[in-house]
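Subject: Structure for you to look at

Hi,

Here is the structure I promised to pass on. My notes follow below it; have the viewer open while you read.

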Amino acid sequence: MPVIQVEHLVKEFNVVQKESGLKGAFKNILKSNKLLVRAVNDISFSLEEGEIVGYIGPNGAGKSTTIKMMCGILQPTSGSVIINGMSPYVDRKKVVKNLGVVFGQRTQLYWDLRLGESFELLKRIYEIDNDKYHHNFAMLDEILNLQEIINTPVRQLSLGQRMRGDLAAAMLHSPPVIFLDEPTIGLDVDVKYAIRKFIKDINQNCKTTIILTTHDLDDIQQLCKRIIIINKGKIVEDGSLNQLIDRLAPTKKLIVDFFEE
Ligand SMILES: Nc1ncnc2c1ncn2[C@@H]1O[C@H](COP(=O)(O)OP(=O)(O)O)[C@@H](O)[C@H]1O
Ligand SMILES: [Mg+2]
């Protein structure tokens with residue numbers, strides 16, 4: 001049975017169009033121009049346990065909206081998401097325990113607390129017992145070097161440090177499924193490398209099922225065997241990365257290294 005099953009998922013937003021200028025301001029009061037936007041337009045896919053899938057597409061394609069519906073933040077207009085047999089919107093509390101989510105553009109950490117205090121709070125929220133917490137923290141610390149930032153208030157962390165904290169926060173309760181929405185955005189090469197290693201490690205060691213949204217082609221090449229491409233709310237490709245490369249760029253470059261014996 002697939003871990004994630006998305007069927008005919010649709011999300012529409014009502015967007016109010018406002019006119020600018022003084023004349024526009026009067027018009028806006030008298031009549032609001034509502035426009036219905038279909039951010040996600042009939043999307044279906046499924047993921048097996050342990051898959052890492054790259055969910056890619058241009059800005060505004062509907063990636064974040066899909067992820068928000070998959071973790072129960074947004075209610076679908078129609079269609080369904082099923083994760084481990086449950087709906088994230090209906091069975092939110094149960095599903096959240098099986099889910100980790102990172103939005104690169106927005107931290108889930110508590111701005112005014114030290115990173116360690118944020119973790120303690122999450123430990124209580126997710127009801128993680130002591131043994132599991134210490135085990136998971138040690139594993140995450142090894143990959144993400146958390147000790148050096150654990151006593152720093154979240155607001156003082158650099159973007160890269162904050163992202164390490166966010167990734168750890170999403171994994172403290174060892175969820176079998178994680179969604180990473182642009183986790184490497186704006187980061188320098190070293191941190192990107194550490195995050196890629198983190199994603200690879202948890203996927204291999206914990207069989208974590210991962211959906212990764214990114215604009216970074218290296219992330220995709222290093223991590224994803226399968227990619228789903230979305231444009232204007234619709235899936236335009238879903239398949240193996242290698243097959244896609246073969247189809248779209250059939251000429252290959254052969255690099256040969258010569259060495260002396
Ligand atoms: N809360 C919202 N209200 C109105 N429109 C939204 C909202 N969230 C997203 N949209 C619109 O939906 C479309 C898809 O957005 P999004 O899912 O954030 O794209 P992506 O993550 O692929 O860049 C965009 O046109 C965006 O403006
Ligand atoms: Mg987005």
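Leaving out residues up to four places away in sequence, Asp219 touches Thr184, Arg196, Thr214 and Cys224, where contact means heavy atoms within 4.5 Å. Please bear in mind that this is a predicted model, in which local features need pLDDT of at least 70 and side-chain atom pairs count only at pLDDT 80 or more, while totals for chains, interfaces and linings use all residues. Residues are numbered from 1 along each chain as its sequence is written, chains are lettered from A and ligands numbered from 1 in the order in which they are written, and side-chain values use heavy atoms, with hydrogens and water left out.

Back to Asp219: this residue sits in helix H8 (residues 217-223). Helices (H or I, at least four residues) and strands (E, at least two) are DSSP runs, numbered from the N terminus. With 1% relative accessibility, Asp219 counts as buried; the classes are buried under 20% relative accessible area, exposed over 50% and partly exposed in between, using a 1.4 Å probe and protein chains only. Its side chain makes a polar contact with the side chain of Thr214, at 3.0 Å. Such a contact is a pair of N or O atoms within 3.5 Å; within protein, one must be able to donate a hydrogen and the other to accept it, and residues adjacent in sequence count only if both atoms are side-chain atoms.

Next, the sheet. An open sheet is formed by 3 strands in the order S2-S1-S4, with antiparallel pairing; two strands pair if DSSP finds at least two bridges between them. S2 (33-47) and S4 (78-83) are the edge strands, each with a single partner, so one side of each has no neighbour in the sheet. S1 (residues 4-17) and S2 pair over 12 bridges, and Gln17 has Asn33 in S2 as its bridge partner. Helix H2 (residues 63-70) lies across S1, S2 and S4 and runs at about 120° to S1. Axes here are lines fitted to C-alpha atoms, for helices over the stretch in contact, and angles run from 0 to 180 degrees between N-to-C directions.

There is also a hairpin of S8 and S9, with 2 residues between the strands, where Lys232 takes a positive phi near 50°. S8 (residues 226-231) and S9 (residues 234-240) pair in the antiparallel sense over 6 bridges, and Ile228 stands opposite Asp238 in S9.

Happy browsing!
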